[in-house]
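Subject: Structure handover

Hello,

I am passing on the structure we spoke about, with notes on what turned up in it. Please look through the model first and then read on.

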Amino acid sequence: MISGYRKRFTAPAEWKGKHLELTFGGAAHEAMVYVNGAKAMTHACGYTAFSIDLTDRLRYGEENLIAVRLDSCESLNIPPFGHVIDYMTYGGLYREVFLVVTERARFADVFLRTEGSADAPELVTSLETENPDGRDLRVRQQVLDGESVLFSCETPLAEQLRLDVPGVTLWSPDCPKLYTVCTELADAASGKILDRVDIRFGFRFAEFRADGFYLNGEKLKIVGLNRHQSYPYAGYAMPASMQAFDARILKEELALNAVRTSHYPQSHAFLDACDELGLLVFTEIPGWQNIGDAAWQDQAVRNTEEMVTQYRNHPSIILWGVRVNESQDNDGLYARTNSAAHRLDPSRQTGGVRYLKKSSLLEDVYTYNDFLHSGDNPGCDPKRAVTSDMAKGYLVTEYCGHMYPTKPYDDEEQRTNHMLRHAKVLNDIAKESDIAGSLGWCLFDYNTHKDFGSGDRICYHGVTDMFRNAKLAAAVYAVQGKDTILEVSSSMDIGEHPASNRGAVWIVSNADSVRMYKNGRLLKEYFPQDSPYKHLAHGPVMADDFIGNALEENEGFRPKQAEAAKKILNYVALHGQDRLPPAILAQAAKCVALYGMKPDDAVTLYQKYVGDWGGAATEYRFEAMKDGKVVKTVVKSPAKKVLLDVRVSSVELTERATYDVSAVRIRAIDENGSVLPFFSEPLFFETEGPIELIGPHAASLKGGMGGTYVKTLRGKTGEASLTIRSLQAEPVTVRFTVTDGRKAQL
Ligand code: GAL
């Protein structure tokens, strides 16, 4: 649509003689800005910021009117438009807008990068300075660790500063150490500070080589996911806290070390969080498969320039994507985008995501969406089958996704296979030592255009749902982290499976071992080395014994007899009794011939030990063991209760540049804490105090999971609460405190 925004404000008289710059963080997708009725500028691209010099356009001491006409029509002749797109391109002014008032002599840009070597790092700064009055200026720079000044220099105004920074802690995912680099512009005669730019910066060396990715000289496998910047109900418009929340999920809940900002530059708040938390970022120009005409291509080049100049101070960014995602080769265009990125940032390599093998490679790294894996074949292609230049680095930028869309309310088999596909790709990429790593498709389910998704305009490609509730597949990522994870793929209800077979039960854990019990009887202890995913430190392990020593103890079977009967029962549990393979038939023959058993015995044993019919409810208990102690327990038994498990991103809401938001994630769980994947009943939300909902007052859980968002109300502070009611579970109330952080910010 075409929309309009207006802001009236008084420019104080004392601003006269200063420099005033108004910056729009994100205006989707073409903005025309009017200042006091006169057109001031047009900016195309919904994913990069732009600034307007208001110095000579404002009326000082009087009221001024800024108006924006925003075109978010998909008919615009700019990226990503022109053909189809597998994601929504929400419109609006969806990032912060801010006015910066400085002296006329000022820094127009400060660009920091690390040079030298890991042993002798050097901070290199490129400065662009405005000095309209031709003043005699000096520059000072300090590198601070908290309050302490570690390094400093001072020179007459220069375009470049070089500062040795020996002994700094290098930034990495394990140790995302950030320093503050403070650069000041001073009047040479009086020493008065005219401008000051503080940048949080991490010193690091990132390089894709032929045999992998190196950070600070050490080889590091990239393991990450793709992230869109969309949210239920709000589209793109979410404040800094919500941007950071996604980074926390990637790092803290999924234990990843990387993310791709598919398919456009994302909020600085997200990148700031990646800097802080230690996530390596691959960021790319907007677009999806299609390349437009000459004007469109010129815009793609401008987008590259804006992306690089606006984001290059983030230490987390390790690679620029200078091709439109999955577009065809176009050497004319991509020579321009590639050289623009190198010209504006000599410190980073370039890539450009394709689904093409052996395509024209102008960039430094071959970045490829490898959708080879379809369930029963290798997880990825080897590097040599894909890249056109073995001497350059190679990174897998997508896998899974549309190959196996999975809803949280799909049946257990589907959800389990979804998890195993992710495990298989991760495993096979881990095996390929010359693949720098991978970024899977994708972090969460997302709204999309009619041409994609499941008919409801949703791509169920995430390892979490839209509210960022983990699906089963999330466990194969989380388990690679430090928190103790114990996840069991099955609810242990045989009726959920075709022909009431038990189906495969997978255990995902990073404990030393996992003990599986049935009604208190130990069935088997599983170890990491039991996993078929040999290249993962903690690959999923399949439970293959549902009997343990019960046949000896309960039925008085001799050891050999028990062994034979167990083989049959465990086979039948998994695959059913039709078409038994020769090896199992041989065991059956043995039972009849040697131990005098009858076919009817098999039925009785099956019902007792596999089917779990009748009698008291069966309880399966899984205990994760570390250093001989139980560190986590999962219990699976028929659910008796429904409880609401509510987790919020924060109970402290603080208004700063905009309203603040808290994400509320809700799951229906049973008394053992297991998600109830088929609990789809409605929830009702009520707020009290200075917050309101983003989205409806009622929503159904899907796959036992759902959520909502609460936001602050401009200028209102105090205690607030959200109550969530359902038809069956006890209501849950979450209390929030809303404060005004605007004064603190000033
Ligand atoms: C890729 C594309 C992504 C998404 C994904 C689904 O081809 O780059 O944007 O559509 O497929 O798996």
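A polar contact here is a pair of N or O atoms within 3.5 Å; within protein, one of the two must be able to donate a hydrogen and the other to accept it. Please also keep in mind that this is a predicted model.

R665 belongs to strand β40, which covers residues 661-669. R665 counts as buried because its relative accessibility is 4%, and the cut-off for buried is under 20%. Apart from neighbours within four places in sequence, R665 is in contact with several residues, including F245, I249, E253, F467, R468, D645 and G706.

The ligand

Which residues come nearest to the ligand? Of the 13 residues around the ligand, these are D86, H263, W288, E326 and H402. Three of them place a polar side-chain atom by a ligand oxygen atom: the distance is 2.6 Å for H263, 2.7 Å for W288 and 2.5 Å for H402. The ligand taken alone exposes 310 Å², and the protein buries 94% of that. By type, the shell around the ligand holds 4 nonpolar, 6 polar and 3 charged residues.

E326 also stands out for its backbone. Its phi is near 60°, which is positive although the residue is not glycine. E326 sits in the loop between β23 (317-321) and α4 (331-344), and it counts as buried because its relative accessibility is 8%.

Other backbone points

Most residues other than glycine have a negative phi, and most peptide bonds are trans. A further positive phi, near 50°, is found at N36. N36 lies in the loop between β4 (30-35) and β5 (38-44) and is buried, with a relative accessible area of 19%.

There are cis peptide bonds to note as well. One joins P79 and P80, with omega at about 5°; P80 is in the loop between β7 (62-71) and β8 (92-93). Another runs from W441 to C442, with omega near 0°, and C442 is in the loop between β28 (437-440) and β29.

The nonpolar cores

In soluble globular proteins, nonpolar side chains tend to be buried together. Here the largest nonpolar core has 89 residues, of which L254, Y477 and Y709 touch the most other members. Beyond its neighbours within four places in sequence, L254 is in contact with L225, I249, L443, V463, A474, Y477 and A478. A second, separate core of 36 residues includes L551, A565, V572 and L605.

Is H449 buried or exposed? H449 counts as buried, since its relative accessibility is 12%. It is placed in the loop between β29 (446-447) and β30 (458-459). Not counting residues up to four places away in sequence, H449 touches E74, I85, Y87, M88, T89 and R457.

E413, in helix α6 (residues 412-431), counts as partly exposed at 33% relative accessibility. With residues up to four places away in sequence left out, E413 touches H497 and P498. From E413 to L372 the separation is 41 residues in sequence and 21 Å in space, C-alpha to C-alpha.

Regards

Notes. Residues numbered from 1 in each chain as written. Predicted model: local features only at pLDDT ≥ 70, side-chain atom pairs only at ≥ 80, totals over all residues. Heavy atoms only, no water. Near = heavy atom within 4 Å. Areas by Shrake-Rupley, 256 points an atom, 1.4 Å probe, with all protein chains shown as cover. Nonpolar A, V, L, I, M, F, W, Y, C, P; charged D, E, K, R; others polar. Helix = DSSP H or I, 4+ residues; strand = E, 2+ residues; numbered from the N terminus. Buried < 20%, exposed > 50% of the residue type's maximum accessible area, 1.4 Å probe, protein only. Contact = heavy atoms within 4.5 Å. Core = buried A, V, L, I, M, F, W, Y, C linked by side-chain atoms within 4.5 Å.
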